[in-house]
Amino acid sequence: MATFLYRLGRWSFLRRRLVTLLWVALLAAVGVLAAKAPAAPDDGFAMPGTEAQKAFDLMDERFPGATSDGASARLVFVAPSGQKITAAANQQTVENAVAELAHGEQVVSATGPFKAGAVSQDGTTAYATISYSEKPGKVSEGATEALKTAAQHARDAGLTVDIGGTALMEVGEAGGSAEAIGMAISAVVLVITFGSLLAAGLPLLTALIGVGLGIALITALGSTLGLSTTTSTLAMMLGLAVGIDYALFIVSRYRAELLDGHEPKEAAGRAVGTAGSAVVFAGLTVIIALAGLSVVGIPILAKMGMAAAGTVVIAVLVALTLVPALLGFLGRRALSRKVRKGGHAADGEGRPNGGTRWARFVVRRPVAVLVLGVVGLGVLALPALDLRLGLPGDEAKPTSTTQRRAYDHLSEGFGPGFNGPLTVLVDAKGTADPKAAAAKVGETVKALPGVVAVAPAVFNQTGDTALVNAVPATGPSEAATTDLVHAIRDKASALKTETGATVLVSGPTAMNIDVSQKLNDALLPYLAVVVGLAVLLLLVVFRSILVPLKAALGFLLSVVAALGAVVAVFQWGWLADLIGIEQTGPVMSMMPIFMIGVVFGLAMDYEVFLVTRIREAFVHGEEPNEAVVTGFRYNARVVTAAALIMISVFAGFIGMSEPMIKMMGLGLAAAVALDAFVVRMAIVPAVLALLGRRAWWLPAKLERIIPDVDVEGAKLQTALPAQADGSGADSPRQSVGV
């Protein structure tokens, strides 16, 4: 592996114009295809295998024309203090607003509160329901503007009006201020790390090229493979992350090889042969983590994972070919001016750097560092024992939003459960008396504890399927509502026996509960697949039993600790005011699996880059503890820079207004920080120091079976530089200044 990559790196360096031209031509060609590609499909949010999804599918079949997943809006009206919404003037204002929307763009129906009985018992609050033909996030700007205008007209007449529902939902897109801030901070970190604007700019440039190609491919293949625009979100985030990281490690190794006295083309070959080998296997761990999202059983997550995995593949190829090609144009200018003039000693020579001093401290006190690191992460992980999963809705939005105010008005006027009604579908097809079956279901549901109201059954045109809406006493994200859904489903079997009708519980609240349950059930299988495959891969990389196990256990510690931080802030409310969280609630259902997938890949990146340099020193004859110090001398600063870049990218999302985006930003930033600085920088060297030579032990049988991929580049010590050249292709002009 190392020898092949060594040749590839030298070839790319020598054929830099050709390699650069090929990448630019490929980017341009795919960009043209993406511009001409048909519009990407709307993949929605299907949850195959769940009861709520079965009910939604049956609704679409039995109630044609009334899309179960169409957007809707609730226009909530509150009368002025001391007045009733039913007063003649107020009632006329409400009816005018509803009439204004009745025949608007994309509107299927507009039902006023006085015809539907949607007025609170105290007469102060009412709501109108507006249904749209498009799905949430797809409602046109004209339709949403008409909705806001109608609300404003009612406000001008003296009423308090707010808009709830899904019609105002916006689909987040990749890009924006968070990514821009992350890129800016990344540039600063790279400049500080390298001391050279040219060297700092190279990882950013190659990462942008890789991400641009990946996103263009997703767009070009969108209609063919069913990839929607939302599929590219994770690809954008991780493509930038690993693209910068991989280029950073190769450029850093190239600079180190130059300082060791090698010519630029030889330095490029050695950099790709050593750091490039680590890039390949680090990339494979990320790809395993992302492709593993397919086992969760959620189509959109599987598509996002596979698309992001494809972007990581591109990032690896860019790092192995385009980065050394661009280094060919930089030559020795990849070093800072002071270093080129001989003002600084090579990294690792002269006085010890920070990585050296820290590693020596750890190997002298490994037990204390290990205990402190594990106990500290354990304490941070304690809140995770109280983890509650859910899909927060309007109740989690800031009080400055109209959706949150509408939610609060409805809770005050109609009760907290009104915001999360349950839709009970009664499939009475083939039964003797569908109306009697629906009535029995309604009576049974109404008799359950926690139900405050049950609406009369609404039948389809053929009269064989009915919808029964039930209003819980508790809010949609509360545990009691989840218990109620399970209680209704527990009655389904007895109702089937008694009436012959099939009973399914659905609606947004039930769907959220099913999503949370499915993700929770998939967590352990996903962990087993991802961690198991990665351990096998690291077994090949490090030729050791204990090092891969240590890597996996350290990752689990950092992820659980990061989840504890998320629970403490978003569920318990610790420091919530500091980052703008106005309402605590359950943790987003996708958060644990999302964190595992993203952070596992990045954590293994740092593990591979750091420990391969330690193993390289050990293989080349150093004692175990001294090998740890050597690995930190060369790679600690670079791993620190890579981690700071990732933390800054993820932390940028904490400033966003959407609570779920804040949660993702905090969780990912905390996980990367804990894994990089506590696990990889403290626990890993402490464990290696305690294990000594046993860390690299491999049973004789496995020694014979496992291929030797030579990640540490031991074979490069005897490789002839000329063997990668193959010709005198580098002209004097090409050699000038390099």
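This is a predicted model: local features need pLDDT of at least 70, side-chain atom pairs count only at pLDDT 80 or more; totals for chains, interfaces and linings use all residues.
Residues are numbered from 1 along each chain as its sequence is written, and side-chain values use heavy atoms, with hydrogens and water left out.

Let's start with salt bridges, meaning a side-chain nitrogen of Lys or Arg within 4 Å of a carboxyl oxygen of Asp or Glu. Searching the whole structure turns up 19 of them. One joins R404 and D408, at 3.2 Å from N to O. Both sit in helix α16 (residues 402-414), 4 residues apart, or about one turn of the helix. (Helices here are DSSP runs of H or I, at least four residues, numbered from the N terminus.) R404 is buried at 7% relative accessible area, while D408 is partly exposed at 24%; buried means under 20%, exposed over 50%, and partly exposed in between, using a 1.4 Å probe and protein chains only.

Now look at D514 and R489, whose side chains meet at 2.7 Å, N to O. D514 belongs to helix α20 (residues 508-542) and R489 to helix α18 (residues 479-490), so this pair ties together parts 25 residues apart in sequence. D514 is buried, at 8%, and R489 is buried too, at 16%.

Finally, find helix α24 (residues 659-691), which bends by about 40 degrees at V679; that's the angle between axes fitted to the seven residues ending there and the seven starting there. Because 26 of its 33 residues are buried, α24 is largely enclosed by the rest of the structure. Just after α24 comes G692, with a positive phi of about 60 degrees.

Definitions and conventions: Helices (H or I, at least four residues) and strands (E, at least two) are DSSP runs, numbered from the N terminus.
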